[in-house]
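Subject: Structure handover

Hello,

Please find the structure below, with notes on what came out of it. Could you read the notes alongside the coordinates?

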Amino acid sequence: MKRYLFLFLFFWNTCFILTSFSLASEAQNLDEYLIKTKDQKCVLRYLSPIEVPPDWYIYISDDSCLEKGFHEVHILDTTQVVRDSLSGYFSDSYFIGSTPLMTPILKRFSSGPGVQSAYYLIEQNKHLSIDFIGVMTSQVQNLLYPAFNICEPFHIIAFSSNKTLFGKEETLENIITVVKSHAQNICPGVSTIIFEALDKNNQNKAFFLSFHLEKKPDGSWLLIPEKSFNKLMLEKEALSKKQNFLKEIYSLLEKLPPYDRPAFLFNQFKIDFPYHLAVASSLLKMPVKGVFILHVNQKNQDISWGDYPFPLKITPPLETGWYLVKAQIQPFSIQEKKKAGIPLKNPAAHITLIDQKKCSRENCSEWEETSYLIEQKYNVPYSFFMPSEIIHEK
């Protein structure tokens, strides 16, 4: 049994505590002193903010060496003056207080000025793939060793290698039931529970769940929303909203004519006709903005020329090919047409680019495919936003 306990504590001290996982700073402001009985057979792990002389000793009211049960312990100096008295339960030679704790203490540390905390094992639940770890704290009073507070609030951590359990309502309810059971078994009159969860496979991460539970007068437990969060549920809810949104967009785009769908890449539902934009620009005597498809057939150092849907002078320059663009358009003047050798009756325009997407097919027809359009715009796979039965139909 002792060998098992040694191995167990070694495992936890190395794999659980000595990692970056910690509820608080490790800065020691409460030092630990080993104070023994005069015969050196029994030892107390005494915590003190001031130095304890090495010749102090303890007197225990029974011969159990602070094992199971209730004990009274007196700390005496060399003149037999009682410097402190501890009355209550002990665990692993630490003073626990009025609550019996028959379980190993995994780690004791300072968690703030004059505050000590300790982790203790509650249960390794293989069925849920969770190790339940308790946290107890105490505040130094009058420079004396205070008892640990275990019960108000009852603080428990679920240290899990299967965090997906906490994102499912049915399994989360089972876990909370287990937590309540542990709280009531260790602290029968408990009225407040702080329940937190940490990913065992990624100890550098913060808690992904923290629930604050308070007992109502009728004995049932109430979750306090403003003091609680579940990142997995929030992520799941956000994912569901995004999927529903994308499905609605898919349905809407499917109702549009295919040649209009590419415009959605720039957040509109209709492709503009460059000729109409040029006419509007001429009437308004100012550039007009729109989304349309063009083809670049020449590129120079400072500009490009397009030949579709009519002669276009494009800045900044683009490589040759098909483009879906968001741009400003302004028609050529008569003098510009003459200089470029364009018949006066033919349209021609200046294009000033705002944004553009290079296309792989003629007329940018790949953007007419709704699923491809949504995948590229939102950087998600088709399976993310569509039910499997629709995917199979496609």
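A nonpolar patch on the surface is formed by Tyr-275, Val-279, Leu-283, Leu-284 and Met-286, which together have about 540 Å² of accessible area. Patches are made of residues with over 30% relative accessible area and no salt bridge, with like charges joined within 9 Å and nonpolar side chains (Val, Leu, Ile, Met, Phe, Trp, Tyr) within 5 Å. A salt bridge here is a side-chain nitrogen of Lys or Arg within 4 Å of a carboxyl oxygen of Asp or Glu. Accessible areas come from the Shrake-Rupley method with a 1.4 Å probe, and for residues only the protein chains shown count as cover.

Before the rest, the basis: this is a predicted model, in which local features need pLDDT of at least 70 and side-chain atom pairs count only at pLDDT 80 or more, while totals for chains, interfaces and linings use all residues. Residues are numbered from 1 along each chain as its sequence is written, and side-chain values use heavy atoms, with hydrogens and water left out.

Helices (H or I, at least four residues) and strands (E, at least two) are DSSP runs, numbered from the N terminus. Met-286 is partly exposed, at 46% relative accessibility; buried means under 20% relative accessible area, exposed over 50%, and partly exposed in between (1.4 Å probe, protein chains only).

The loop between α4 (274-284) and β15 (288-299) also holds Lys-285. Lys-285 has a positive phi, near 55°, without being a glycine, and is exposed at 73% relative accessibility. Asn-379, in the loop between α6 (370-378) and α7 (382-385), likewise has a positive phi, of about 55°. Its relative accessible area is 71%, so Asn-379 counts as exposed.

Two peptide bonds are cis: Glu-152 to Pro-153, with omega near 0°, and Tyr-308 to Pro-309, with omega about 5°. Pro-153 sits in the loop between β9 (130-139) and β10 (154-160), and Pro-309 in the loop between β16 (304-308) and β17 (312-315). Most peptide bonds are trans, and most residues other than glycine have a negative phi.

Last, helix α3 (residues 231-254): its 24 residues reach 34 Å from first C-alpha to last, close to the 34 Å expected at 1.5 Å a residue. The expected span is 1.5 Å times one less than the number of residues. Buried in α3 are Leu-232, Met-233, Leu-246, Ile-249, Tyr-250 and Leu-253.

Regards
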